[in-house]
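This report is for a reader meeting the structure for the first time. Please keep the sequence and the 3D view at hand while reading.

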Amino acid sequence: MFRSAIEQMAPYLPGEQPRPGERLIKLNTNENPYPPSPRVRRAIVQAAAAETLRLYPRPRADSLVAAAARYYRLPGNMIVAGNGSDELLSMLFRASLDAGDVAAWAVPTYSLYDTLAAIAGARVVRIELGRDFSLPLQALARARARLTIVCNPNSPSGTLVGQEELTELARRLRPRLLVIDEAYVDFADRSSLRLVRALDNVVILRTMSKSFSLAGMRLGLLLGSAPLVDQLLKVKDSYNLNCLAQAAGAAALNDAAWALRNVERVRRTRRMTEAGLRKIGFEVPPSAANFVLARLAGVKLEGMAAGLRRRGILVRYFDTPLLYDCLRITIGKPAEMKILLRELAPLAAAARAGSGTRRSRARVHA
Ligand SMILES: *Cc1c(COP(=O)(O)O)cnc(C)c1O
């Protein structure tokens, strides 16, 4: 019944969402542990009570785009609001790739890119990040893909690439598209926002799911040159954002100070978590996001993730060749991270002891 690309592809696997009432420490999908600004709720209630529900919403989410324009100091014609930045990614793929076209990114990264490429029937050039998660700039530039994506800070490594490198990559790819997915950039020290003003082939994606605590509302923002935005709007669903989400997003952006306070709390807890994980034996690359990647080199950590799940803690495990020895752990509240570290310490000690035994046994057989 369906295109062969669809029948052959694997579906995207979102992280587990607990059932209502299920009490878990949820550190698996990078949500913000703190609530959104109280102004968001007031805006939603207001939007829901008025005539607004009877009518179709504003197709271009005018008040939300205006709030984003003030916040990012960009003209409104350089901004597209999306139903989560996932929708914006989907629009980018739809607008830029024909079947057989090449898309490129460094791996490991956000696996939705692979899913969208499979749907498009695109060919993907996947280049491994360096051992220290550095960007394979030369290889990405040489791939000359129609669509290149850099997730920065990257998920699941949490690491940040410098603006100079991204500028060089964008220059070399021009006129091809470079998408910089900055879903986590509010938790970093710097962003590449400047590039969208300087280069007309650069698109920046932001989401309100993480730093603005609005994952449930589904709000994303795309920033890019006005001509590029004009093309993308052609593939946008007319009413992609419902009226409640538009009101919520505008209210959150108009109270960005609230989100920045939460970001600061998460960054403080991140420092504590990184130090704690290193102390119990994990390698942790320096994170610029609201999660960390904890690695026990060469040890498959699937069982450890399951062990944490039995103890009421959800973390993200990816059963892939590049990530089988890692856990991606969202930064929650300080008390949650203390419980995590307490439960993880004996599991890590056991895993290391076990892997030591296996390794020495293997050596004997060899
Ligand atoms: C969370 C995330 C997104 C999607 O954000 P939504 O706005 O919730 O759709 C996009 N890219 C990356 C890398 C993410 O981690």
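## A loop proline and its surroundings

Pro-33 is found in the loop between β1 (25–27) and α2 (38–49), where helices (H or I, at least four residues) and strands (E, at least two) are DSSP runs numbered from the N terminus. The model is a predicted one, in which local features need pLDDT of at least 70 and side-chain atom pairs count only at pLDDT 80 or more, while totals for chains, interfaces and linings use all residues. Residues are numbered from 1 along each chain as its sequence is written, and side-chain values use heavy atoms, with hydrogens and water left out.

Leaving aside residues up to four places away in sequence, Pro-33 touches Val-266, Ile-331, Gly-332, Lys-333 and Glu-336, a contact being heavy atoms within 4.5 Å. The C-alpha atoms of Pro-33 and Ser-211 are separated by 9.8 Å, although these residues are 178 residues apart along the chain.

## The sheet and its helices

Seven strands form an open sheet with mixed pairing, in the order β2-β8-β7-β6-β5-β3-β4; two strands pair if DSSP finds at least two bridges between them. Because β2 (79–82) and β4 (123–128) stand at the edges with a single partner strand each, one side of each is left without a neighbour in the sheet. On average, neighbouring strands of this sheet are turned by 20° against each other, direction ignored.

Within the sheet, β7 (residues 202–207) and β8 (residues 220–224) pair in the antiparallel sense over 5 bridges, and Thr-207 stands opposite Gly-220 in β8.

Helix α7 (residues 163–173) lies across β5 (147–151), β6 (177–181) and β7, running at about 155° to β6. Helix α9 (residues 226–233) lies across β2, β6, β7 and β8, and runs at about 135° to β8. For these angles, axes are lines fitted to C-alpha atoms, for helices over the stretch in contact, and the values run from 0 to 180 degrees between N-to-C directions.

## A buried arginine

Arg-328 lies in strand β11 (residues 326–330).

The side chain of Arg-328 instead reaches the backbone oxygen of Asn-28 at 2.9 Å, and a polar contact of 3.1 Å joins the side chains of Arg-328 and Ser-155. A polar contact is a pair of N or O atoms within 3.5 Å; within protein, one must be able to donate a hydrogen and the other to accept it, and residues adjacent in sequence count only if both atoms are side-chain atoms.

## Backbone features

Most residues other than glycine have a negative phi, and most peptide bonds are trans. The table lists cases that depart from this pattern.

| Residue(s) | Backbone value |
|---|---|
| Ser-155 and Pro-156 | cis peptide bond, omega about 10° |
| Arg-174 and Pro-175 | cis peptide bond, omega about 5° |
| Phe-133 | positive phi, near 65° |
| Arg-218 | positive phi, near 65° |

Pro-156 is found in the loop between β5 and α7, and Pro-175 in the loop between α7 and β6. Phe-133 lies in the loop between β4 and α6 (137–143) and counts as buried at 10% relative accessibility. Arg-218, in the loop between β7 and β8, is partly exposed, with a relative accessible area of 28%.

Conventions
Buried < 20%, exposed > 50% of the residue type's maximum accessible area, 1.4 Å probe, protein only.
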